[in-house]
Amino acid sequence: MSEEQSGFRAKVQKFGSYLSGMIMPNIGAFIAWGIITALFIPDGWLPNEDLAGLVDPMILYLLPLLIGFTGGRMVYDIRGGVVGATATMGVIVGADAPMFLGAMLMGPLAAYLMKKLDGVFQHRIRQGFEMLYNNFSAGILAAIMAIIALKAIGPIVSGLNTALAAGVEVIVNAGLLPLANIIIEPAKILFLNNAINHGILTPLGADQASEIGKSILFLMEANPGPGLGILLAFAIFGKGVSRASAPGAAIIQFLGGIHEIYFPYVLMKPLLILAAIGGGVTGVFTLQLFDAGLRAAASPGSIFAVLAMTASDSYIGVILSVILATAVSFIIAAIILKSSKSDDEGDLSASTEKMEAMKGKESSVAGTLKGNQNNDEKNSEKINDHDAISEPETPVKDASQVDKIIFACDAGMGSSAMGASLLKNKFKKSDININVTNKAINEIPDDADIVITQKTLTSRAKAKLPTAEHISVENFLNSPKYDELVERLKNK
């Protein structure tokens, strides 16, 4: 791949990560709205007029404000979040539809302007006037941005929202929505799964669900069927390590909702992308046929989350979409695997590393696939090489200096949460009383003593908090660094 292609891909990844980063921390609020909607609206499971009064304020005010605050905080911490949320109020009042796109624009924009304004004036403020400047500068800018958003940005974003909704409606009415999976499935496997689902489909789906009570868009990327079918085909028709590891991967993917576990299997045999596309198209076509959808985002894409968010009139369509997507992807994958003339199904470890290279980051779950393939000698060599490569450049802190350890990743959710949980258990067994938690890289607290990241993200973490000790690991689920850290901190 040329440097130009690599640079473009990195920019797309960064933009996609930024979009999803505004939505993913607030998925719990989307799910809360979905639960309240499913239970208490007039055609819900437990109709209640008083409680149903929560539905519109949450979708119109709470969720856009949370997105605006999160986007602003990503740019300029709490100060940016407050200004971003206030500016977002302008686009909310300036439109009569949920302003998710407006929030994703105004939150970061207002925070960026606040950051630039502080850069010009903050160092000029005389001692004793800092609080006066901080409060009034933020208040004045937030008020100006809210007015601009109300009068100018709101109508523009509202028009864009209407155009996008009309476009989706035209595609649905023409029966062409299933064809979107021709793009979605390859993009998932390469590097844009979270960006597509949380950055694009979730805001559009929430807008649609606010109008008709459900949306097919929530299940276009999150359907676990295509991945399950591919993994089942490997479990039956695969060879060697791929066949042995496929059943466990299927459990993680279907029940745990972590879809990236099946990406290396597809990369081993790129022709299997046809199975993923076939399953995805079938799933969406089935949803269209039964007019089925979810009330809110299913995150992670586990069958449990999917069923929990299914609209009350859509269970047959949603269940069939998962079953048929699984069946179609299984049949196509089985044909491809059976017709393969190769005795070896490929190097699963190499495919995992290829996936991580294309995604631009380590995969904590898929990292276990690499571990399954190495014998003890290879593991030893890898650990030694890893130690030589990822030895932290920052000073090593004494046990008496360590009170807080942070696991950091892009979104501060899935992979870093698993790593933090693993280290907490090791600390508990060794009677080590040190606070361990997980955060997004942009939210690493200033009082963190040790920051643990995957090696591709360490430079960003160091730039965020250069005073902390930084430890790089290959993957969050399997690193010798944890045991070394336990030994070092035992005397805490």
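The residues lining the largest cavity split into five nonpolar, five polar and no charged. Here Ala, Val, Leu, Ile, Met, Phe, Trp, Tyr, Cys and Pro count as nonpolar, Asp, Glu, Lys and Arg as charged, and the others, Gly among them, as polar. Keep in mind that this is a predicted model, where local features need pLDDT of at least 70, side-chain atom pairs count only at pLDDT 80 or more, and totals for chains, interfaces and linings use all residues. Residues are numbered from 1 along each chain as its sequence is written, and side-chain values use heavy atoms, with hydrogens and water left out.

The largest cavity has a volume of about 30 Å³. On a 1 Å grid over the protein atoms alone, a cavity is a set of points where a 1.4 Å probe fits but cannot get out, and lining residues have an atom within 4 Å of a point. Helix α11 (residues 273–289) gives the most to this lining, with five residues; helices are DSSP runs of H or I, at least four residues, numbered from the N terminus. Among the lining residues are Asn181, Met220 and Pro226.

Now for the rings: the whole structure has six aromatic pairs. Rings of Phe, Tyr and Trp (its six-membered ring) pair if their centres lie within 6.5 Å, with planes under 30 degrees apart called stacked, over 60 edge-to-face and the rest tilted. Tryptophan 45 and tyrosine 315 make a tilted pair, 6.3 Å centre to centre with 55° between the planes. Tryptophan 45 sits in the loop between α2 (27–40) and α3 (49–52), and tyrosine 315 in helix α13 (residues 315–338), 270 residues apart.

Technical notes
Helix = DSSP H or I, 4+ residues; strand = E, 2+ residues; numbered from the N terminus. 1 Å grid on protein atoms, 1.4 Å probe; cavity = no way out; pocket = protein on both sides within 12 Å on 5 of 7 lines; lining within 4 Å. Points joined across faces, edges and corners; volume = space filled by probe spheres on them.
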